[in-house]
Amino acid sequence: MIVHETLTNMAAANSIMPLAGKKILIDAGHQGKGNLEKEPIAPGSTVMKTKVTYGTTGVATGIPEYVFTLEMGLKLKESFAAMGAEVFMIREDHDVNISNKERALIGNDLNVDLVIKIHADGAADEKIRGISILYPSQHNKHTEKIAGKSRLAATYILDGLIANTQAENRGIKARADITGFNWSVVPVVLIECGYMSNPQEDDLLSDPTYQARLVKGILKGTIEYFTNQ
Ligand SMILES: [Zn+2]
């Protein structure tokens, strides 16, 4: 009867562990101190870009983006692990110095199934608000192989986010100028969770209830991506 029990347990585990066998890398954007040195934007490129920018700061809360991204990252880690995923973190501390290129290489070395980069947005116009997801462009020799899967993940995750937050939907956007995409050989998305330059959205981004909705939306979208890819 051991065989029967094992099969039953496996079936049960699969239904409650929809991310079993998946490796997910969470990159909490930015870090305590930016690193304004430059690095190539892509393998073999002479175009140079800042290693890690400082990120934005909440206009209402004064909270730096790197604090928000790590709060979200740690909550995502817990939620993904609870669904059976093997979760890796670029950082669990603010006091690190890991460039965007290095972050991509970590994902490559781990051969993860998906990299989720967490960010918040900022704009000069404080009325701008909403969620968007960036993914690597199809029309870029460095990312053409990962563009399709990344775009699919971005689509499902944005749907999950909008359904769970009712935030303004700013769409998915293909980008060829993101160092963290161009060095990646595994699917990757960058979630702009909201505008810290919009006072109301900035307040929401630091609200644990709203953060839980963001996490739930990302989790739901990720599960649907892996189910439908
Ligand atoms: Zn950012």
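**Group meeting: the zinc site and the cores**

Okay, let me start with Glu65: this residue is buried, at a relative accessible area of 3%. Keep in mind that what we're looking at is a predicted model.

So what coordinates the zinc ion? Glu65 does, through OE, along with His30 through NE2 and His119 through ND1, and the distances run from 2.0 to 2.1 Å. If you like patterns, the donor spacing along the sequence reads H-x34-E-x53-H. Glu65 sits in helix H2 and His119 in strand S5, 54 residues apart, and this pair links distant parts of the chain. His119 is buried too, because its relative accessible area is 13%, and the cut-off for buried is under 20%.

In general, nonpolar side chains in soluble globular proteins tend to be buried together. Here, the largest nonpolar core has 37 residues, and the members touching the most others are Phe80, Ile116, Ile191 and Ile218. Who supplies at least two residues each? On the strand side, that's S1, S4, S5, S6 and S8; on the helix side, H2, H4 and H7. H7 gives the largest share, with eight residues.

Let me zoom in on Ile116. Leaving out residues up to four places away in sequence, Ile116 touches Ile24, Leu25, Ile26 and Asp27, then Phe80, Ile157, Val189 and Ile191, and also Ile218 and Thr222.

Conventions:
Residues are numbered from 1 along each chain as its sequence is written. This is a predicted model: local features need pLDDT of at least 70, side-chain atom pairs count only at pLDDT 80 or more; totals for chains, interfaces and linings use all residues. Side-chain values use heavy atoms; hydrogens and water are left out. A nonpolar core is a set of buried Ala, Val, Leu, Ile, Met, Phe, Trp, Tyr and Cys residues joined through side-chain atoms within 4.5 Å. Buried means under 20% relative accessible area, exposed over 50%, partly exposed in between (1.4 Å probe, protein chains only). Helices (H or I, at least four residues) and strands (E, at least two) are DSSP runs, numbered from the N terminus. Contact means heavy atoms within 4.5 Å. Donors are N, O and S atoms within 2.8 Å of the metal (3.2 Å for Na, K and Ca); water is not among the atoms, so sites may look incomplete.
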